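Please work through the following exercises with the sequence and the model at hand. Each task is followed by a solution in steps.

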Protein chains: 2
Amino acid sequence: MNLRKLSLNQSIPQIFEGLVLTDEEVILIESRLDRVFAKKGERLVEISNNVDCQYFIISGCLRSFYVDKNGKEHTAQFGIYDWWISDYTAFFSQEKAIMNVEVIKDADLLKISIEDLNYLYKAIPKIETFFRKRAEWSCTTMQKRILSYLSLNASERYLSFLNDYPEVEQNVKNYHIASYLGITTESLSRIRKELSRA
Amino acid sequence: MNLRKLSLNQSIPQIFEGLVLTDEEVILIESRLDRVFAKKGERLVEISNNVDCQYFIISGCLRSFYVDKNGKEHTAQFGIYDWWISDYTAFFSQEKAIMNVEVIKDADLLKISIEDLNYLYKAIPKIETFFRKRAEWSCTTMQKRILSYLSLNASERYLSFLNDYPEVEQNVKNYHIASYLGITTESLSRIRKELSRA
DNA sequence: CGAAAATTTGACATGACTCAACTGGAGTGG
DNA sequence: CCACTCCAGTTGAGTCATGTCAAATTTTCG
C-alpha cells in the first residue's frame with residue numbers, strides 16, 4: 001500500500017463522519033473515488049458543460065459562482081475542508097452547468113461521479129442515508145441564507161457571515177465575500193470601516 | 001372501505017410520483033399517514049415549538065414564514081397541491097421551530113411524523129431514495145432563489161416568480177408575494193403598475 | 001350595506017450602487 | 001535595492017432603487 005492509498009483510506013471516515021463502515025465497505029467506497037489535486041485558478045466545472053461529478057474537499061478552498069447577464073459574478077457557495085462542492089443545480093438534475101467552480105487555494109480533492117454515487121447508494125444503503133441527510137442539511141443552510149437576504153441589511157449579513165464561516169473568511173478575498181453577500185466591494189469596504197470604528 | 005380511505009389510498013401514488021409501489025407497500029405507507037383538514041388562518045407549526053412532522057398538500061394553500069427582530073414577516077416558502085411543507089430547518093435538525101406554518105386557503109393534508117418517516121425509510125428503501133431526491137431538488141430551487149436575490153432587481157424577481165409559480169400567484173395576497181420577494185407591498189404595487197403600462 | 005382588509009398613491013428619506021481616482025502591498029526585474 | 005506593475009482595497013461625489021410614513025382608494029366578505 002503506497003502513501004497515496006493510505007491517506008485516501010484515512011479520508012473515508014472523514015467524508016462519512018458519523019457512519020460506521022466495515023473494512024470491506026471502505027475498500028468498496030475507495031474504489032469509486034478519485035484523488036484530484038487542483039491549482040489555484042483551475043476550474044473544475046464550467047458553465048454550460050455537463051456536470052457528472054462532485055468533489056469532497058480534503059484541503060484548499062474553492063467557490064462556485066454564477067455569472068449574470070451583465071457579466072457580474074455571484075458566489076453561490078464556498079468550499080473548504082470536509083465540505084462537498086459542485087454545481088449542485090446541474091449535478092442533481094443532470095442539466096448543463098449554470099455555474100463555474102473555481103479553485104481559490106490549491107486543493108486536495110476526492111472526486112465521485114454520479115454513476116459511482118448511484119452504485120454506492122445501492123451497494124451500501126447507509127451511504128444513501130448519509131447523502132439524504134447531507135442534502136437536508138444543505139436545505140437548512142440555504143433556507144437560512146435566504147432569510148438573511150430577506151431580513152438583514154448588508155452590514156448584518158456580513159457579521160452573520162463572519163460568525164457562521166470564520167474559516168472561510170480567512171481563505172478568500174473581500175471581493176469574494178462581497179459577491180457572496182450580494183453587495184459591491186466598495187460597500188463592503190465601507191461596512192468594514194464602520195465596524196472597525198465601533 | 002370508506003370514502004376517506006379510498007381517497008387516501010389514491011393519494012399515495014400522487015405523493016410518490018414516479019415510484020412503483022406494490023399494494024402491500026401502499027398499505028404500509030397509508031398506515032403511517034394521517035389525513036388532516038386545516039382551515040384558513042390555522043397554524044400547523046409555531047415558532048419555538050417542536051416540529052415532529054411535515055405535511056403533504058392534497059389541496060389548499062399554505063406558507064411558512066419567519067418573523068424578524070422588528071416583527072416583520074418574511075415568507076420562506078409557499079405550498080400548494082403536490083408539495084410538502086413544514087419548517088424544514090427545524091424538522092431536519094430536530095430543533096425548535098424558527099418559522100410559522102400558516103394555512104392561506106383551507107387545506108387537505110397528509111401528515112407524517114419523523115418517526116414514521118424513519119420507519120418507512122427502513123421498510124421501503126426506495127422511499128428514502130425518493131426523499132433524498134426531493135431534498136436535492138429543494139436545494140436546487142433554493143439555490144436558484146439565492147441567485148435571484150444576488151443578480152436580479154425587484155421587478156425581475158417578481159417576473160421570475162410569476163413565471164415559476166403561476167399557480168401560487170393565484171392563491172396568495174400581494175403582500176405575501178412581497179414578503180417572499182423581499183420587498184414592501186408599496187414597491188410591489190409600483191412594480192405592477194409599471195409592468196401593466198408596458 | 002358597512003367594516004375591515006388589501007392595495008394604491010404621493011412625498012420624502014436612505015442604503016447601497018456607480019464611476020473614477022487614489023493608496024498600499026506583493027512580486028518582479030533591471 | 002529601487003522602480004515598476006499588478007492587484008486588492010479604499011475613498012469621495014453623485015445617483016438611483018427601494019424603503020418609510022401617511023393618506024386615499026378599492027376590494028373582500030360577514
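## Exercise 1: Two helices of chain A

Task: Determine which residues of α6(A) and α9(A) meet, and how the two helices are oriented.

Solution. Step 1. On the α6(A) side the residues are A:Ala154, A:Ser155 and A:Tyr158, and they meet A:Ser187, A:Leu188 and A:Ile191 of α9(A). Contact here requires C-beta atoms, placed from the backbone, within 7 Å. Helices (H or I, at least four residues) and strands (E, at least two) are DSSP runs, numbered from the N terminus.

Step 1. By class, this contact of α6(A) with α9(A) has four nonpolar, two polar and no charged residues. Ala, Val, Leu, Ile, Met, Phe, Trp, Tyr, Cys and Pro count as nonpolar, Asp, Glu, Lys and Arg as charged, and the others, Gly among them, as polar.

Step 2. The axes of α6 (residues 154-164) and α9 (residues 185-197) of chain A are 10 Å apart, and the packing angle is about 75°. Axes are lines fitted to C-alpha atoms, for helices over the stretch in contact, and angles run from 0 to 180 degrees between N-to-C directions. The two helices α6(A) and α9(A) are therefore roughly perpendicular; angles under 35 degrees count as roughly parallel, over 145 as roughly antiparallel, 65 to 115 as roughly perpendicular and the rest as oblique.

A note on the model: it is predicted, local features need pLDDT of at least 70, side-chain atom pairs count only at pLDDT 80 or more, and totals for chains, interfaces and linings use all residues. Residues are numbered from 1 along each chain as its sequence is written, while chains are lettered from A and ligands numbered from 1 in the order in which they are written.

## Exercise 2: The surroundings of the DNA strands

Task: Describe the surfaces near DNA strand D and DNA strand C.

Solution. Step 1. DNA strand D is surrounded by 16 residues, of which A:Asn174, A:Ser189, B:Asn153, B:Ala154 and B:Ser187 are the closest. A residue is near a strand if its C-beta atom, placed from the backbone, lies within 6 Å of it.

Step 1. At least two residues each come from α8 (174-181) and α9 of chain A and from α6 (154-164) and α9 (185-197) of chain B. The most, six residues, is given by α9(A). The surface near DNA strand D divides into three nonpolar, seven polar and six charged residues.

Step 2. Around DNA strand C there are 16 residues, and A:Asn153, A:Ala154, A:Ser187, B:Asn174 and B:Ser189 come nearest. Two or more residues each are given by α6 and α9 of chain A, and by α8 (174-181) and α9 of chain B. The largest share of the surface near DNA strand C is the six residues of α9(B).

## Exercise 3: A positive phi

Task: Is A:Ser48 buried or exposed, and where does it lie?

Solution. Step 1. A:Ser48 is in the loop between β2 (43-45) and β3 (53-67) of chain A. It counts as exposed, with 8 C-beta neighbours inside 10 Å.

Step 1. The phi of A:Ser48 is positive, near 80°, in a residue other than glycine. Most residues other than glycine have a negative phi.

Technical notes
Buried ≥ 20, exposed ≤ 12 C-beta atoms within 10 Å, placed from the backbone.
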